[in-house]
Amino acid sequence: MTSIVIKKNSDGDYMGFELHGHAGSGEYGKDIVCAAISMLTINTVNSLEKFTDDTFTCNADPQEGFIDLTAENGFSPDGELLMKAYELGITDVFKQYGKEFLNIKFEEV
């Protein structure tokens, strides 16, 4: 199962996200839930790097299915939009495939 924690501050601004684990909805190479989660996550990180001047750290371990993205000072308006798009995409995957493969939590930091 993949667990995702979307981090926001007390004002509701995005501060990052953490992802742990593999979905396990199919055999290796055919796990469409893991592929969807990975694509959304990696595209968000790449888009934040390419399309914003935001400062953030991103640590990853693909073997463990771990990614931690943190913006200590939050995101610009463009970064906020990209994070909203990430939340929308991940939430849609959750709605389609349910609690068996994905867990999403929101944490105030």
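Me: Which are the buried residues of α1?

Reply: The model is predicted, so local features need pLDDT of at least 70, side-chain atom pairs count only at pLDDT 80 or more, and totals for chains, interfaces and linings use all residues. Residues are numbered from 1 along each chain as its sequence is written, and side-chain values use heavy atoms, with hydrogens and water left out. Buried means under 20% relative accessible area, exposed over 50%, and partly exposed in between, with a 1.4 Å probe and protein chains only. In α1 the buried residues are Val33, Cys34, Ile37, Leu40, Thr41, Thr44, Val45, Ser47 and Leu48.

Me: What does Thr41 touch?

Reply: Contact means heavy atoms within 4.5 Å. Not counting residues up to four places away in sequence, Thr41 touches Phe17, Leu19, Ile67 and Tyr86. The side chains of Thr41 and Tyr86 are also joined by a polar contact of 2.9 Å (a pair of N or O atoms within 3.5 Å; within protein, one must be able to donate a hydrogen and the other to accept it, and residues adjacent in sequence count only if both atoms are side-chain atoms).

Me: How many aromatic pairs does the structure hold?

Reply: A pair of aromatic rings is described by the distance of the centres and the angle of the planes. Rings of Phe, Tyr and Trp (its six-membered ring) pair if their centres lie within 6.5 Å; planes under 30 degrees apart count as stacked, over 60 as edge-to-face and the rest as tilted. The structure holds one such pair. Phe17 and Tyr86 have ring centres 4.4 Å apart and planes at 25°, so the pair is stacked.

Conventions
Helix = DSSP H or I, 4+ residues; strand = E, 2+ residues; numbered from the N terminus.
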